[in-house]
Amino acid sequence: MVSELSALHIFVGGGDSRKAPDHVDIAALGALLRRDEKAGGFVVQHIYLHDVDLPNQAPPLARPDSLVREGEVILSIDGEDTLGVPDERILLRGKAGRKVMLVVKARDGKTREVLVTPVREREDEDLRYAEWEYTRRQKVQAVSDGHIGYVHLRAMGSGDIEQWAREFYPVFNRDGLIVDVRHNHGGNIDSWVLSKLLRRTWFYWQPRVGNPLGNMQYAFRGHIVVLCDQETASDGEAFAEGFRRLGLGKVIGMRTWGGEIWLSANNRLADKGIATAAEMGVYGPEGKWLIEGHGVDPDIVVDDLPAATFAGSDAQLAAAVKYLLEEIKNDPRPVPKAPAYPNKAFQYNDN
């Protein structure tokens, strides 16, 4: 029925869903493991990276009280030999959020016992995504020598306001800024984020010691680009389109999802589920409907091809950095120097 409406933002979910009696939650350790007969267990190939300033978001094996290093071997989990199973998660089923005992062999051959708390499968996915975010930021920092800031928004909800504040304010005084809304799931804070980017400094305070401070506070003076892709959806698309229409900079990437008939999500069903109904289309000042059924076309089209992306490249991010470095070179926007201090000495007039 909903397919006949030819509108996105229409779906059915939640409610009185049931789990099979033999359902078991999958748990994980926030790392990539490789089964190795010669090593005697599962070799820890990679532990997901995390922002060191957010230790509470560290994956299980990276926490100080459960530290396991890459290259070490997990010999057993709760007393069961790991080589007895094809996948370590078999021994972790139903144990998310509970302490389990690992026997770990170090590179020098010594063994030790480690207590660790596995996470749910969804949390493991979040840890992988957090590593992707963190490494994007590190890459921009390194390639631009600190001249370009990077902010990623997973969605446009209340929790993403926190992410914006955490990632934007440390880099608001950079020469360039990348706002990455690839994979953005939408929400309703596009106008709030755009209002932060629209702020313009109109005077500066010059303290007796230190650098000048701009008013409006935290206004960004440099060049900005937005990254989007085929998974940028809903309010993420509204942000990308608004960013361009307000003249804030270029949009780079691929055409977005194409869902812009908005909804209130107030029509809950008796079983607490929902069958959403798209309610409000959006149109521009020129009198044309926007985005729905087509998406937002980027100013600069760059595709992240699957094989190259799997190998670790990020063509869209590289294009954004290249574009901004050129803009910064051609149109530098430094903080203006303070004028010479005026002579405020009182002048006597003999007459």
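## A hairpin to start with

Let's begin with E5 and strand E6 (residues 80–81): these two pair in the antiparallel sense over two bridges. Keep in mind that we're looking at a predicted model. Within this pairing, Ser-76 has Asp-81 in E6 as its bridge partner. Together, E5 and E6 make a hairpin with two residues between them, and Asp-78 in the turn has a positive phi of about 50°.

Four bridges link E5 to strand E7 (residues 100–105), and the two run antiparallel.

## The five-stranded sheet

Now for another part of the model. Five strands form an open sheet in the order E10-E11-E14-E15-E17, with parallel pairing. At the edges sit strand E10 (148–152) and strand E17 (300–301), each pairing on one side only.

Look at the E17 end: strand E15 (residues 249–253) runs parallel to E17, and two bridges join them. Gly-253 stands opposite Val-301 in E17.

## Helices across the strands

Which strands does helix H1 (residues 121–143) lie across? They're E10 and strand E11 (176–180), and the helix runs at about 165° to E10.

Helix H4 (residues 235–245) lies across E11, strand E14 (223–228) and E15. Its angle to E15 is about 140°.

Definitions and conventions:
Residues numbered from 1 in each chain as written. Predicted model: local features only at pLDDT ≥ 70, side-chain atom pairs only at ≥ 80, totals over all residues. Heavy atoms only, no water. Pairing = 2+ DSSP bridges. Contact = heavy atoms within 4.5 Å. Axes fitted to C-alpha atoms, helices over the stretch in contact; angles between N-to-C directions.
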